[in-house]
Amino acid sequence: MKLKQRVVLLAILLVIFIFTKVFLIDNLDTSAANREDQRAFQRMLSGLRVALDPRLEHTLQSPWEIAAQWVVPREVYPEDTPEMGAVMHAMTTKKIVKADVGYKGTQLKALLILEGGQKVVFKPKRYARDYIVEGEPYAGYDRHNAEVAAFHLDRILGFRRAPLVVGRFVNLRTEIKPVATEQLLGTFMTVGNNTCFYGKCYYCRETEPACADGDIMEGSVTLWLPDVWPLQKHRHPWGRTYREGKLARWEYDESYCDAVKKTSPYDSGPRLLDIIDTAIFDYLIGNADRHHYESFQDDEGASMLILLDNAKSFGNPALDERSILAPLYQCCIIRVSTWNRLNYLKNGVLKSALKTAMSHDPISPVLSDPHLDALDQRLLSILATVKQCTDQFGPDAVLVEDRMTLSHL
């Protein structure tokens, strides 16, 4: 081999060596992070079944004290929750000591105080499992079973930003009426042989009560967050106008995300990525009604977007409202950890995982099969949307590392 050829060959080998070394160094941390994502996913799968067991490991604490200690700025409950079954068992069995009308809002609910002083929000059953809510994606009454399903999806996605929810049957005559405030009691009525109530809210009407089956009412109870963590309400940057013929800016301005990125708290910190996560979550459950959202007060954009009020979900399994994904396809960014988790849930894993997670709930089956099938289909749409972004901008610009340490100190 001639000297010139040898020099060229050595140069080529050197270039290959340098590129290989750079690639390995650049991807070392990413590979380690991906391996941790895989391990976290396996831990989640192994802990999916939550048996409602009253036993507590920490016998000197009540379930309410344990749940209150879980809350930190970036999660409502920790990844490892051996006491979750005991807390949820308490939510569905503890004696109701007071019942009142629900906090401000548009939909019927009741505020219950359970033995030990824990507040929970009770949402009554309004529809059968196979009922299809027609019309706009935010149409219809709240769905109590949607709250249960959304909580377990939050667990599966690894977000841990939704307060605990569990199904519960209550006897309106013996459990609610004797401890009800005058304001709530005044909304009770009898329709046929069924005890009903219509509560007090923006859309509550005496002509549209929620009715029990006799005296027994199926519903969901959502654990109230500790008072030491007061909430702050924010207008969602991708909220709808709810006015016919009037579009929000994001619905016609293709550069809308650029404007959002220049405003606080989306110009720094994790909040915009939380919005993206929430859009993915809402698209999966079919929730087009997140016009506002809550975070903890005085957080300066550092705390999570809390996944409250998910009941306008699972209304129509045949409707995939793509506009819910607008934050994702307009900003074209997503957390690497979220992207990894979505890929692990492909090929029917999501449907199977959610079905398993909900199997121990008192109101199981929580969802009909068409809704479970819709989740897998919507997941494919999300993955395709991210691929369009990476094809256009490249993976380095789209897949964003944002792994915040969650301290429980």
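Is L223 buried or exposed? With a relative accessible area of 9%, L223 is buried (under 20% relative accessible area is buried, over 50% exposed, and in between partly exposed, using a 1.4 Å probe and protein chains only). Before going on, note that this is a predicted model, where local features need pLDDT of at least 70, side-chain atom pairs count only at pLDDT 80 or more, and totals for chains, interfaces and linings use all residues. Residues are numbered from 1 along each chain as its sequence is written, and side-chain values use heavy atoms, leaving out hydrogens and water.

L223 is found in strand β8, residues 216–223 (strands are DSSP runs of E, at least two residues, and helices are runs of H or I, at least four, numbered from the N terminus). Not counting residues up to four places away in sequence, L223 touches W64, A67 and V87, among others (contact means heavy atoms within 4.5 Å). L225 sits in the loop between β8 and β9, and is buried too, at 10%.

Now for the rings. The whole structure holds nine aromatic pairs (rings of Phe, Tyr and Trp, the last by its six-membered ring, pair if their centres lie within 6.5 Å; planes under 30 degrees apart are stacked, over 60 edge-to-face, the rest tilted). One of them, Y77 with F151, is edge-to-face, at 5.7 Å centre to centre and 65° between the planes. Y77 lies in the loop between α2 and α3 and F151 in helix α4, so the pair ties together parts 74 residues apart in sequence. Y77 is buried at 2%, and F151 is buried at 1%.
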